[in-house]
Amino acid sequence: MVVTDDDAPGTDTGATADPQAAIDEASGDRRTSRPQGFTAGDTPEGIPFIGAGPGDPGLLTVTGRELCEAADLVVHAGSLVNSELLEAYCADAETVSSIGKDLEELIPLMRDAYEAGQTVVRLHSGDPAIYGAALEQMDALASEGVPAYFVPGVTSAFAASATLRTQLTLNGVANHVAFTRPQGKTLDPEEDHIGDFVGMGDVTTCIYLGTHAVSETMDRLLEAGHDPETPVTVVYHASWPDEDVIEGTIGSIGEKIEEAGYRASALVIIGEAVGEAGYDRSYLYDGWASRGPDSDGTDDAVQEADD
Ligand SMILES: C[S@@+](CC[C@H](N)C(=O)[O-])C[C@H]1O[C@@H](n2cnc3c(N)ncnc32)[C@H](O)[C@@H]1O
């Protein structure tokens, strides 16, 4: 499989590693093979798969930055990892873009460097757990005897909500969040649930990998009878110097994006959280939390502390 920013399928080249066999093998025991005692934030032996964040170098975690600064080889996700970040934190490392490289090329590249005693880092855009195709690389490395682990990052939806000065969840308006992508090479039409999420009414739908298909996505929503006035905001290059915000509705956003000419690197957010709708104050700051546990004895007051 060719690993690119857009997660596009490619062709096998038949090099040394057999990534599919490694994935099949790992799939059977993902729970039992989880490293004992490891928790997010730890930096054990192995290759860290680091979330580089949305673009602004300041949005890389402290752990991610320290690992990058210590690296000899940084394999990064190409155009969605800001070159400013590479210059700031990876200046002493050899940097290699993963764009256009398949697993059969990437795995030996990282394995050989690691086995030669180099400190190797894999940098994914945003958080590697969201449309990152990271696990297949980690499983393939593990099958070659090279341990790998995650270091989380700020996914682009969180950068976009900060830019928009909104919350993806808003009391009474947006009770749920969906991270999704539109149908295409990877997703069959029946696996495309954007219409379902929008139809629920109180979901903030964050569409990754869909910049090139905004018009088609909106046309499908209109054909399915969704309200053309539903708010939609597109954030291009969230947190980058050339960040751009385009606001519209299901009925209008397609044309606006075509006019702007964006075909990649934007997040499409549908729902009232990016519109003008009023919202309800939370229970947390009305004294409810300090009154203690619910009458059913559960500890919701503590669980809701992030409201
Ligand atoms: C292969 S996915 C990787 C997502 C990444 N792992 C994350 O957590 O943000 C690439 C898609 O993420 C979105 N994306 C990544 N960085 C972005 C940014 N700075 N601003 C807006 N969208 C971004 C775009 O939708 C892009 O097509």
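## Getting started

Two residues are in contact if their C-beta atoms, placed from the backbone, lie within 7 Å. Axes are lines fitted to C-alpha atoms, for helices over the stretch in contact, and angles run from 0 to 180 degrees between N-to-C directions. With these two ideas you can read how helix α9 (residues 253-260) sits: α9 lies across β10 and β11, running at about 150 degrees to β11.

What you are looking at is a predicted model, in which local features need pLDDT of at least 70, side-chain atom pairs count only at pLDDT 80 or more, and totals for chains, interfaces and linings use all residues. Residues are numbered from 1 along each chain as its sequence is written.

## The protein as a whole

The protein has 10 helices and 12 strands. Helices (H or I, at least four residues) and strands (E, at least two) are DSSP runs, numbered from the N terminus. Of its 307 residues, 38% count as buried. A residue is buried if 20 or more other C-beta atoms lie within 10 Å of its own, exposed if 12 or fewer, and partly exposed in between, with C-beta atoms placed from the backbone.

How do contacts relate to the sequence? Among the contacts in the protein with a separation of 6 or more, 72% are between residues 24 or more positions apart.

## An enclosed strand, β6

Strand β6 (residues 120-124) is largely enclosed by the rest of the structure, because 5 of its 5 residues are buried. Val120, Arg122 and His124 point one way from β6, while Val121 and Leu123 point the other way.

Strands pair if DSSP finds at least two bridges between them. Strand β2 (residues 47-51) runs parallel to β6 and is joined to β6 by 3 bridges; here Gly51 stands opposite His124. Strand β3 (residues 73-76) also pairs with β6 in the parallel sense, over 4 bridges, and Val75 has Arg122 as its bridge partner.

## Helix α5 and its surroundings

In helix α5 (residues 135-143), the buried residues are Gln137, Met138, Asp139, Ala140 and Leu141. They pack against α1 (19-27), β2, α4 (103-115), β6 and β7 (148-151). Just after α5 comes Gly145, with a positive phi of about 85 degrees.

Ser27 belongs to helix α1. Ser27 has 10 other C-beta atoms within 10 Å, so this residue is exposed. Although Ser27 and Glu136 are 109 residues apart along the chain, their C-alpha atoms are separated by 10.0 Å.

## A five-stranded sheet

In which order do the 5 strands of the open sheet stand? The order is β8-β9-β12-β10-β11, and the pairing is mixed. The edges are taken by β8 and β11 (244-249), each with a single partner strand, so one side of each is left without a neighbour in the sheet. On average, neighbouring strands of this sheet are turned by 15 degrees against each other, direction ignored.

Look at one pair in detail: β10 and β11 are antiparallel partners over 6 bridges. Tyr236 has Asp244 in β11 as its bridge partner.

## Helix α6 against the sheet

Helix α6 (residues 156-163) lies across β8, β9, β10, β11 and β12, and runs at about 70 degrees to β12. This helix is mostly covered, with 6 of its 8 residues buried: Ser156, Ala157, Phe158, Ala159, Ala160 and Ser161. The cover over these buried residues includes β8 (176-180), β9 (203-207), β10 (231-236) and β12 (266-270). Just after α6, Arg165 takes a positive phi of about 50 degrees.

## Around the ligand

Which residues are the closest to the ligand? They are Pro54, Gly126, Thr155, Ser156 and Ala238, in a shell of 28 residues.

The shell holds 13 nonpolar, 11 polar and 4 charged residues. Here Ala, Val, Leu, Ile, Met, Phe, Trp, Tyr, Cys and Pro count as nonpolar, Asp, Glu, Lys and Arg as charged, and the others, Gly among them, as polar. At least three residues of the shell come from each of domain 1 (2-154) and domain 2 (157-274), with bounds from an automatic or database domain assignment.

Technical notes:
A residue is near a molecule or strand if its C-beta atom, placed from the backbone, lies within 6 Å of it.
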